[in-house]
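Thanks for taking a look at this one with me.

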Amino acid sequence: MSNTMYNKMWHQTQEALGALLDKEPQKMVEPQRNQVFIFQTLATFYIKYVQIFRNLENVYDQIVHPQKRILIRKVLDGVMGRILELKNEMVELELTEFHYFDDILQDLKLAPQQLDIPIPKYFLKEKLEVIKGREKILAQILADSGIDTSDMKYPVKSIPLDQAVKLIQIAERARQGRLRALFMKQIYLQEYRAKQSKTLGKKVTDTWAAALCIQKVWRRFRQCKKTEKLREEEMIFLGMNPPPLFNEVSATVIQAEKVDRLRNEVQMKHEEDYREALVTIKNDLKLIEGLDIKENLQDQIRHWFIECRNLTGTFPDYPDIEEGGSAIIFSNKTIQQEEDEKWKMSPSLFLPAMKEGCNAYKEIWMNKDESWNFSQDFDPELIKEEKRKELESEIRVQVDELMRQELKNLKLAVDREREHPAKVGKKKKKKGKKGKKKEKKTKKDKDLTADRTIESLYKELVEEGLLIRALKVNLSDYIGEYSYLGTTLRQVSIEPMPSLLDVRQLITLYGIWPLGSAAVHEKAPLVKSLLLAGPSGVGKKMLVHAICTETGANLFNLSSSNIAGKYPGKNGLQMMLHAVFKVARQLQPSVVWIEDTEKTFYKKVPNAEKMNEPKRLKRHLPQILKLLKPDDRILIVGTTRRPFDAELQSFCKVYQKIILVPRPDYASRYVLWKQIIERNGGVLTSALNVSCLAKVTDGFTQGHIVKVVKAVLTDQRIRRQIHKPLTAVEFITAMTSMNPVYKEEEESFKNWYAKTPLGKKRALAITGGSTEKAKDKGKRKEKKEKKAKKEKVMPF
């Protein structure tokens, strides 16, 4: 796609965004009591913003004009933030993390795939060199300490020389035996054929009968092949089977990838040219226009002196540097106008940024003639306008110093007024007091590792196994299918289990987007901690690694099993947490992972685990969460397969968002079987009934499917596929030794989630009982009173 096409796409997307921004305030301000109508309004805006985001992300990734990219990036971050705000509103309205838009998608004539939220490519592109450098350092530390075992697929055990020779001899004798058996079989067949030809040679007299027999066999074979071909063509026509060469990469796609790479190179070159131009053009402006700007500012300020003198009879006080100097004199009118134009009804923090971006687009780019700029390089005139403002503000500081002195001289000469040094002294004293207060505040925040460098702390954490290497897993590798009946089931008061792609979307919204974009993280609804709860094998660990891969985040492992015996004692624990979060802040984004996190909040610690002290972090985690600020791109992620073992109250206090990761449904299993078989070298043919596999393996997880496929598709079996295609029986036989996730276990997760704060609210909303709410409040009061009495009795 050429630059003009991407420009056209940008213009169309900006128009759609402008229309949406005009419509949104009108809809949101209208008072509504109907919850269904409110949700549909929010969901419609959410879906439309997602479509705009998909287009803008594509445009930002491919457009090469550096100044356009700055504006698109600003709008893109605004759209991302607004999507997160709308998602938060829907969660508060429906009291559930999962939402279904089947009916709205039908009205908008969109496929569920168009609702998939992409991960912006600039998350990794913009810090590719930093990530590569960090990976090299991490690999070097692991190699030096002897921890790195990533290259070793299987553990190698050394065996004695005699035993090794014996093994080689056995293998060689077996090989020779197989060859001898094959040779003897060939001799036997030759002898058998010779005997058969002798006995049958006398009987075969009618050549016409023999020819007729051959014809019958050939016609039957030919007709079977023809029927198979017709049936295949019909299935392709009906859309039941993919067309030939469907999965093969076409020459057009390869060419498009080459063009993308070239465009990325052009992007980088234009960015470098633009940065150089920012410096050179500013220097040129300083030489050419600097004196004129200085004289104009002085004339304006002198004119202000005279006007004030004429109106009030005295010269005015010159504004301080802290107030903005002379700039504040001429900016009062513009400030009032901006205040009048602001839309006060919207609670969004991102709408003003988007509106500003849309206005900038209309003023600069909407009707701009770019016929001269075929290569889409930077526009020098726009840089001049921008740098004139910067230059003016820099010169203004110098002019202010001169004009302050001039004003003093005027006052002395004309008004015979002297300055009062007492006031200045008082101000200075106040400033001194403020400075002392600030010093006291900074003393409270103790840095336990003030004498240590970040590099040394980083190395120590790697060697201790607290900072680990994230596996290279993309979020797109988390395979699943959409839920197509969510809305229908909810209309009949049945709460559907979320689909795997619903989980994937939540990981993008709550984990990847805020960690990837600093602008979004600072203003969007803040998610500090995330809990992934689900049975073993559903991909919780994979999702944690995917968050790190997609954002280039560091991965810290604070699982109870991993920190057992490390940094012992109270001071040791404080030092460990301090080091982890200091490095996490300095090298953000960062993910702090706590595997089997229920152990940290055990109701009762099993005797076998008491030595490991699994509850070491229980008291510290809430304090850590309080210390995390919006500009700290750190996410605490817990994974658990037994959340029922934890104390619910303290568990839910730590984890802000709880996501249930279910076992795959039929649609997801069907997609999983197909893709995992193909990824492991398998070929899908009509002999392999994937639908049967998906139906039979109800209750089995992604982990089970991956294990079975790897066990069946050995190198030898892959080579034999041409002669013997894969069948469903082979996989089902391998499945018999595995235990599925039964419905009872899934129900236990559902029941546990119903006890969480959001689960309780959802249950109350469905039953709709205000009396129940009152009872619940009463129970809470009773519990609080009991707690208060206990605390009074307790000596500590």
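**Notes for a first look**

1. Let us start with methionine 542, which is found in helix α18 (residues 540–551). Helices here are DSSP runs of H or I with at least four residues, numbered from the N terminus. With a relative accessible area of 26%, methionine 542 is partly exposed, a class that falls between buried (under 20%) and exposed (over 50%), using a 1.4 Å probe and protein chains only. Methionine 542 and leucine 475 are separated by 67 residues in sequence, and their C-alpha atoms are 8.5 Å apart in space.

2. A word on the ground rules. This is a predicted model, in which local features need pLDDT of at least 70 and side-chain atom pairs count only at pLDDT 80 or more, while totals for chains, interfaces and linings use all residues. Residues are numbered from 1 along each chain as its sequence is written, and side-chain values use heavy atoms, with hydrogens and water left out.

3. How many aromatic pairs does a search of the whole structure find? There are 16, where rings of Phe, Tyr and Trp (its six-membered ring) pair if their centres lie within 6.5 Å; planes under 30 degrees apart are called stacked, over 60 edge-to-face, and the rest tilted. Phenylalanine 39 is buried at 9% relative accessible area, and phenylalanine 101 is buried at 7%.

4. Other aromatic residues are worth a visit. Phe601, Phe651, Tyr655 and Trp752 form one aromatic cluster. Arginine 69 lies over the face of tyrosine 60, 4.3 Å from the ring centre; for such a placement, NZ of Lys or CZ of Arg must be within 6 Å of the ring centre and within 35 degrees of the ring normal.

5. Is glutamate 370 buried or exposed? At 18% relative accessibility, glutamate 370 counts as buried. This residue sits in the loop between α11 (351–365) and α12 (380–415). Its side chain makes a polar contact of 2.7 Å with the side chain of lysine 68 (a pair of N or O atoms within 3.5 Å; within protein, one must be able to donate a hydrogen and the other to accept it, and residues adjacent in sequence count only if both atoms are side-chain atoms).

6. Next, the open space. The largest pocket holds about 1,400 Å³ and is lined by 30 residues, with Asn241, Pro242, Leu684, Thr685 and Ser686 nearest its centre. On a 1 Å grid over the protein atoms alone, a pocket is an open set of points with protein on both sides within 12 Å along at least five of seven lines, a cavity is a set where a 1.4 Å probe fits but cannot get out, and lining residues have an atom within 4 Å of a point.

7. Four cavities of 30 Å³ or more turn up in a search of the whole structure. The largest cavity contains about 90 Å³, and α3 gives the most to its lining, with four residues. The second largest cavity has a volume of about 40 Å³; its lining includes Met497, Arg663 and Phe749.

Key: Grid points are joined across faces, edges and corners, and a volume is the space filled by probe spheres set on the points. Helices (H or I, at least four residues) and strands (E, at least two) are DSSP runs, numbered from the N terminus.
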